[in-house]
Amino acid sequence: PRTWLVTGVAGFIGSNLLEELLALGQHVVGLDDFSTGYQANLDDALASPPAVQGGGTFRFIKGDIRDIASCRKAMKGIDFVLHHAAMGSVPRSIDDPVTTNSVNVDGFLSVMLAAREANVTSVVYASSCAVYGDSPMCPLTEDATGSLLSPYAATKLANEIYADVFQRTYGLQLVGLRYFNIFGPRQDPNGAYAAVIPRWIDKLLNGKTCEILGDGETSRDFCHVANVAKANILAATSDRSIGHSPVYNVGCGKETTLNELFRMIRLGLVGFQPSISASQPKYGPFRDGDIRRSAADISKIQQQLDYEPTHTIAQGLGQALEWYVEHSAKSASTEQERVVAAAR
Ligand code: NAD
């Protein structure tokens, strides 16, 4: 077993990384300030049978990645860093570019400086397909470029530039993973910045209408978070000579339109709630700046890191839907207990 630092551990991807590492018997330190993450995500990851049976250990530090003292404290004895703390939404960055920049760029520097001081073996950091901007290429290879469409995209490209500089200047081993549209258990369905899959599942389970922005023929490469966990572990531990601060696409390499996605989620939920079969989406205006098609070319990560997605979109959705159904039943019964207790 080795010791791993997961920043953003209370978030969607971070808590799934925690669960996978514990299942592999690893020692994990987590750093998070709960700005968009939850204690419930940690509790859920820690209680999962594979994590419990794996026998790893977990230590949590509450702190802001912009605070170098918190980063230094978290970095003690760390072999591998999986940096996932960030403000992670395009619309949020358009509403509040200053906070997005501060967390995603200043915070990134603070984590990298502490990692360098602690002499860690390698750092894997979350980048995004947003760095391709309006590139019309589909599927996208890592050398594609386009005009960036949000402050969020600018911060992720800034991370990649800094990673390259840190590797050249300080010899820190860094790998960037450009995530496409990641989904799975513990992705937040609530709030103005929620991603489409958890938002639609939540709406369908609660008898509400899903909104599709545009005609529904916009496509994305939806990728289950289990594939992301695998990519992180391969990227951190690869002993191949893979060049300076490489970046890799992480997706499934397959396009799915929003219309197809809606039908898949509806079909998957009918077994739990038959009435959902009658649900129809409502179509709204296209969102400004949304690109029409997006999919990853994953040949680089397949060739250099032996990455192969273990979960297709259909397998991943099946697993995620089960989790959301069980979770929404649990929160409904907790709410019922709360109401009964209040009435007493
Ligand atoms: P998330 O919001 O669920 O998780 C981010 C976590 O970081 C949260 O727990 C939050 O509390 C924590 N955090 C934020 N600011 C912090 C700070 N200043 N100090 C300490 N902790 C802080 O988001 P996610 O979807 O799990 O995304 C994780 C990473 O992956 C982010 O870097 C995001 O940009 C990137 N990414 C995600 C996707 C996706 O589809 N989910 C796609 C591309 C890239």
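This passage looks at the ligand site and then at the salt bridges of a predicted model. Residues are numbered from 1 along each chain as its sequence is written, and side-chain values use heavy atoms, with hydrogens and water left out. Local features need pLDDT of at least 70 and side-chain atom pairs count only at pLDDT 80 or more, while totals for chains, interfaces and linings use all residues.

Around the ligand stand 31 residues, the closest being Ile-13, Asp-32, Thr-36, Tyr-152 and Lys-156; a residue is near a molecule if one of its heavy atoms lies within 4 Å of it. By class, this shell holds 14 nonpolar, 12 polar and 5 charged residues. Tyr-152 places a polar side-chain atom 2.6 Å from an oxygen atom of the ligand, and a backbone N or O atom of Ile-13 lies 2.8 Å from a ligand oxygen atom.

Turning to charged pairs, the whole structure contains 11 salt bridges, each a side-chain nitrogen of Lys or Arg within 4 Å of a carboxyl oxygen of Asp or Glu. In one of them, Glu-117 meets Arg-72, with the closest N and O atoms 2.7 Å apart. Glu-117 belongs to helix 6 and Arg-72 to helix 4, so the pair ties together parts that are 45 residues apart in sequence; helices here are DSSP runs of H or I with at least four residues. Glu-117 is partly exposed at 46% relative accessible area, and Arg-72 is partly exposed at 41%; buried means under 20%, exposed over 50%, and partly exposed in between, with a 1.4 Å probe and protein chains only.

Key. Polar contact = N/O pair within 3.5 Å; in protein donor to acceptor, adjacent residues only side chain to side chain. Nonpolar A, V, L, I, M, F, W, Y, C, P; charged D, E, K, R; others polar. Helix = DSSP H or I, 4+ residues; strand = E, 2+ residues; numbered from the N terminus.
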